[in-house]
Amino acid sequence: MKMETLDSAKSTSAGKAKYPRHREKIMKGNFAAAEGARLCRTGFVPAYPITPQTTIVERLAQMAAEGELDATYINMDSEHSVFAAAMGAAVAGERVFTATAGQGLFYAHEVLQAIAHFRLPMVVCNVGRPSIPWNIWSDQSDSLSQRDTGWIQFYGESSQEVLDTIIQAYVITEKLHLPVMVVLDAFYQSHTSENVWIPDQDLVDDFLPPFRHSPMEVDLENPKAFGGLVAPEHYNKLNYSYWKDIQRVETLSESVAKEFAEKFGRSYDNVEAVNIGPQTKLVLVTISSISSTVRGVIKQFPEVGLLKIRLFRPFPKASVRKALAGLPPEAVIACVERNFLGDREGAILQEMKRALYPTDFKLYDFYAGVGGKDVPPATIEKIIYQALHRPEEVNWVDVD
Amino acid sequence: MKPAQDFLIKEEQVYSGALSCRGCGWSLLARHLASILGEDTVYVVPASCFSIITGPYPLNDLKANVVHTVFAAASATATGVRAALDRQGKQDTMVAVLAGDGGTFDIGFQALSGAAARGENILYVCNNNGAYMNTGIQSSTATPYGAVTTTNPGRGYKRTWPKDLMGIIAAHNLPYAATASLAFMEDLRAKIKKARDVHGFRFIMVDGPCPPGHKTDPGQSIEIGRLAVESRLFPLFEVEDRNYTVNYKPEKMIPVAECMKHQGRFRHLFKEGSQELLDEVQAHTDRYWQRLLEMEGVSTEI
């Protein structure tokens with residue numbers, strides 16, 4: 001998201017409403033996520049607590065109990081059951097929302113696969129944390145390790161972006177029948193208060209039409225079976241149809257964001273390029289809240305640009321190539337990885353190489369902030385210095 | 001002309017051509033169950049023989065919606081289906097889980113316990129054939145003591161008693177839980193009807209004949225099922241709000257051996273020197289029966 005939103009807080013305190021049909025509130029990222037689900041009139045919320053997601057489902061429980069949200073809220077027995085119940089409600093034709101994190105997402109893994117490949121629409125928030133050794137702090141290893149489950153994945157930089165992306169995600173999921181995961185950072189976002197513009201309900205209703213039942217759902221008049229064993233002669237056809245649809249995500253996400261910008265006044269892209277042009281010697285590639293830190297730091301470095309990835313799955317190859325079109329071939333690309341997936345390279349570098357192949361660009365990897373270690377401006381400066389002067393192919397920052 | 005064996009079923013709710021083995025209990029159970037529940041039912045089926053019997057994609061043996069789901073989460077999936085239907089004003093539509101013993105006693109147990117404790121308005125039917133039959137006869141915690149399976153082969157026969165799932169289920173404060181047998185069809189049908197008309201989480205465990213798994217003659221499925229009840233290996237009882245009723249008390253004492261001797265999975269128990277094991281099974285069965293009768297006598301009004 002463009003930086004104006006953060007500045008908008010000031011303009012409001014001066015009494016000028018930056019976004020009509022909105023109200024401004026200071027809220028934590030998790031509450032912004034719950035607010036997004038409420039505005040989208042989700043009808044079913046299966047829930048299970050896990051840090052640092054818990055306050056999302058707590059807030060939704062409160063909304064449902066107090067009648068602010070007309071949803072069936074059920075305390076389930078595990079994340080596996082949460083996702084299975086979400087699957088059941090989606091197959092029976094309800095708009096579904098839930099949230100999880102880390103181990104919860106890992107535990108739900110097989111159901112994630114089922115939801116995606118049963119082609120069920122839903123939006124889920126994941127508040128990123130790693131796995132073992134035990135850790136509850138900010139890290140994207142959980143959701144990035146689930147990138148091959150068939151879910152669309154967006155990573156939000158700010159609470160505003162999380163709320164806005166949830167609204168857009170429902171449009172996308174109900175159009176393509178592919179589930180969407182909206183990821184926010186643990187604590188740096190989930191438990192940090194920011195100014196958030198909350199759109200009026202009627203504005204969201206104009207953008208996101210009421211949930212319409214589809215022929216792919218339980219139909220008591222025309223009974224059918226869902227999810228049975230698929231023999232080889234049909235299996236490849238189902239995968240082929242999925243494969244065609246997943247490739248529609250990149251352009252659909254763009255057009256949905258464009259329509260969103262027209263209605264809500266805030267614009268988003270699949271990727272965002274900052275200061276990428278003929279003068280750029282280095283591009284830092286980021287996801288989530290580290291992007292904000294980089295944004296600030298590069299103001300002091302005119303030769304350094306930022307490529308923020310918002311849509312991560314499917315990886316937006318065309319958008320990435322377009323964003324880097326003006327980058328001189330001798331420029332260096334450095335990926336900042338707050339994830340560790342057990343291989344030499346982190347998830348962002350793997351995807352960037354895939355998107356740019358074949359390329360003359362030199363690509364480097366910097367592991368920074370895994371397990372929630374703070375990535376302050378000084379660390380970003382360290383990465384910039386090292387990337388420009390003496391990079392290894394893969395670097396670990398601040399390990400000593 | 002209507003076949004004679006259809007006298008209980010007025011209108012078939014299943015199509016012919018189900019993919020079950022000869023002598024399997026699933027199809028007979030599904031026919032009777034579906035004839036009572038009717039078309040306005042959504043069945044939720046986890047990985048199990050029945051998932052195959054009712055039809056791989058794109059088949060559907062049942063004249064109703066069938067939602068196939070992951071092994072561990074039939075009750076959770078049914079919870080979501082129930083919630084959605086309720087929101088759509090379809091409170092009268094039945095949601096029924098059809099699961100095997102592996103998907104009930106073992107991998108699906110947590111989700112089952114969760115849904116039971118929440119009092120979800122679901123009818124759960126477990127066809128207990130005492131092993132993972134769909135994957136080829138592996139032991140589950142429902143497998144009887146002494147049985148041979150592919151994971152308890154030969155002299156490594158199962159040496160633990162099956163989990164008392166009915167006791168555990170009854171402890172969930174359910175309005176209705178019952179055991180039933182295909183050999184006692186009127187009792188089975190009465191229980192399905194009773195369960196149908198109760199609101200809340202209802203549980204029926206049916207003794208499931210499985211000729212390939214039990215190593216039995218497919219033509220003897222019902223006869224062996226009857227012997228299981230008569231020998232008290234599989235007692236017929238109901239638990240309504242913790243109140244036990246034993247539905248059938250055999251007048252004649254039939255030894256468990258009379259039922260077990262027809263089943264190849266117990267063949268080794270009839271070899272020389274195995275009498276002690278057989279006595280142990282008899283003693284355990286007698287104790288369980290005695291306990292059931294005592295439970296029946298205890299008022300559990302709370």
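Guide: Let us begin with what it takes to cover something: two residues are in contact if their C-beta atoms, placed from the backbone, lie within 7 Å. Please keep in mind that this is a predicted model.

Visitor: Which residues of helix α6 of chain A are buried?

Guide: In α6, which spans residues 109–117 of chain A, the buried ones are A:Val111, A:Leu112, A:Ala114, A:Ile115 and A:Ala116, and what covers them includes α4 (79–91) of chain A. After α6(A) comes A:Arg119, which has a positive phi, near 60 degrees.

Visitor: Into which domains is chain A divided?

Guide: Domain 1 of chain A takes in 4–263 and domain 2 takes in 272–396, with their C-alpha centres 26 Å apart. Their contact draws on 28 residues from domain 1 of chain A and 23 from domain 2 of chain A. On the domain 1 side, β6(A) supplies the largest share, four residues, and that side divides into 13 nonpolar, 10 polar and five charged residues.

Visitor: How many residues of chain B are in contact with chain A?

Guide: There are 37 from chain B, in contact with 35 residues of chain A; on the chain B side, the largest share, 10 residues, comes from α3(B), and by class that side has 17 nonpolar, 14 polar and six charged residues.

Visitor: In which sense do strand β9 of chain A and β2(B) pair?

Guide: Strand β9 (residues 225–226) of chain A and β2(B) pair in the parallel sense over two bridges, and A:Ala225 stands opposite B:Val66 in β2(B).

How values were computed:
Residues numbered from 1 in each chain as written. Chains lettered and ligands numbered in written order. Predicted model: local features only at pLDDT ≥ 70, side-chain atom pairs only at ≥ 80, totals over all residues. Domains from an automatic or database assignment. Nonpolar A, V, L, I, M, F, W, Y, C, P; charged D, E, K, R; others polar. Buried ≥ 20, exposed ≤ 12 C-beta atoms within 10 Å, placed from the backbone. Pairing = 2+ DSSP bridges.
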